[in-house]
Amino acid sequence: MKKKWILTTAAAAMLLTAASGVYAGAKLQEVKAYLNSGIQLKYNGTPVQPRDEKGNAVLPITYNGTTYLPVRAVGDVMGIAVSYNPETHTVELGEKSEGVSIAKGFESMYYTKDPAQTTYQGKDYKEAYFDNAGSKRSSSFMLFPKGKYQKLYLQVAAVGEDIDNFFIQDSEKDVKLKTEKLAVKDGLKTIVVDISGVNELFIYADLENKGALFVPLTTSYYK
């Protein structure tokens, strides 16, 4: 029998997390299924081993002639962000329908709510990263998407002096995801970065003597 490959919320929730309370209120039906070690998975012709978020190998499940794949493991292989919303019992794949502001949980000595520093070109963004400490040096901060999102929409602006070296890096893999030059005349610039599977981001800029880096946190977001 030709097997169908499908993703289900029940299997997804089971493999997304083992935390207590995940199944509260979920509509579960007990079935007799089998872990199927005879099934091999290939992606674009290359054999792959599905693994959970801890790196452990996981197997497909066969039930009633249908094979169920571990959704998080398949998402990681295909570069698709996967997350589970326990409140709505929903598995979310790829970009979320609404953005999640990076302001939540943001920490830095240059984090500010001072209107004198959160206002850019006449608009008050309420919360911002604003590094204007002066002297030629680097400016950097960390973000922690924790593999829950598909993309980062980061707004940035060079103030006072152009920024010739700005990049966003996957800090765990030490891989640059995006490199940009920021000109003062360009104003606020939105940088879109694919961050599927990325847990930690390192954002870096070289600043000149009179240069500053402005990042509005409320309008920068994950999806």
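Here are some questions and answers about this predicted model.

User: Which element gives the largest share of the lining of the largest pocket?

Analyst: Four elements each supply at least two lining residues: α2, β7 (82-85), β9 (100-101) and β14. The largest share is four residues, and the element that supplies them is β7.

User: How many Å apart in space are tyrosine 149 and aspartate 194?

Analyst: Along the sequence, 45 residues separate tyrosine 149 from aspartate 194. In space, C-alpha to C-alpha, the distance between tyrosine 149 and aspartate 194 is 8.8 Å.

User: Back to β7 for a moment. Which residue in the turn between β7 and β8 has a positive phi?

Analyst: β7 pairs with strand β8 (residues 90-93) in the antiparallel sense, over four bridges. Within this pair, tyrosine 84 stands opposite valine 91 of β8. The two strands form a hairpin with four residues between them, and the turn residue with a positive phi, about 55°, is histidine 89.

User: And what about α2? Which residue just after α2 takes a positive phi?

Analyst: Helix α2 spans residues 71-78, and its buried residues include Val71, Arg72, Ala73, Val74 and Gly75. Helix α2 also supplies at least two residues to the lining of the largest pocket. Just after the helix, a positive phi of about 75° is taken by glycine 79.

User: Which strands are the edges of the open sheet of four strands?

Analyst: The strand order in this open sheet is β14-β19-β16-β17, with antiparallel pairing. Neighbouring strands are turned by 15° against each other on average, direction ignored. An edge strand here pairs on one side only, and the two that do so are β14 and β17 (175-182).

User: Within that sheet, which residue is the bridge partner of isoleucine 168?

Analyst: Strand β16 covers residues 163-170 and runs antiparallel to β17, joined by six bridges. The partner of isoleucine 168 lies in β17, and it is lysine 178.

User: Why is strand β20 said to be largely enclosed by the rest of the structure?

Analyst: Both faces of β20 are covered. Ala212, Phe214 and Pro216 are buried on one side, and Leu213 and Val215 are buried on the other. Strand β20 (residues 212-216) is largely enclosed because the number of its five residues that are buried is five.

User: Which residue of β20 is the bridge partner of phenylalanine 130, and which one is the partner of alanine 157?

Analyst: Strand β13 (residues 128-131) runs antiparallel to β20, joined by four bridges. β15 also pairs with β20 in the antiparallel sense, over three bridges. For phenylalanine 130, the partner is phenylalanine 214. For alanine 157, the partner in β20 is phenylalanine 214.

User: Now to charges. How many salt bridges does a search of the whole structure find?

Analyst: Side chains of opposite charge can pair when their charged atoms come close. One example joins lysine 126 to aspartate 124, at 3.7 Å from N to O. Another joins aspartate 186 to lysine 185, with the closest N and O atoms 3.4 Å apart. The number found over the whole structure is four.

User: Arginine 137 and aspartate 131 also meet in a salt bridge. What relative accessibility does aspartate 131 have?

Analyst: The side chains of arginine 137 and aspartate 131 come to 2.2 Å, N to O. Arginine 137 is partly exposed, with a relative accessible area of 21%. Aspartate 131 counts as buried, and its relative accessibility is 0%.

User: In the pair of lysine 185 and aspartate 186, what is the relative accessible area of lysine 185?

Analyst: Aspartate 186 counts as partly exposed, at 42% relative accessibility. The cut-off for exposed is over 50%. Lysine 185 is exposed, with a relative accessible area of 75%.

How values were computed. Residues are numbered from 1 along each chain as its sequence is written. This is a predicted model: local features need pLDDT of at least 70, side-chain atom pairs count only at pLDDT 80 or more; totals for chains, interfaces and linings use all residues. Side-chain values use heavy atoms; hydrogens and water are left out. Buried means under 20% relative accessible area, exposed over 50%, partly exposed in between (1.4 Å probe, protein chains only). Two strands pair if DSSP finds at least two bridges between them. Axes are lines fitted to C-alpha atoms, for helices over the stretch in contact, and angles run from 0 to 180 degrees between N-to-C directions.
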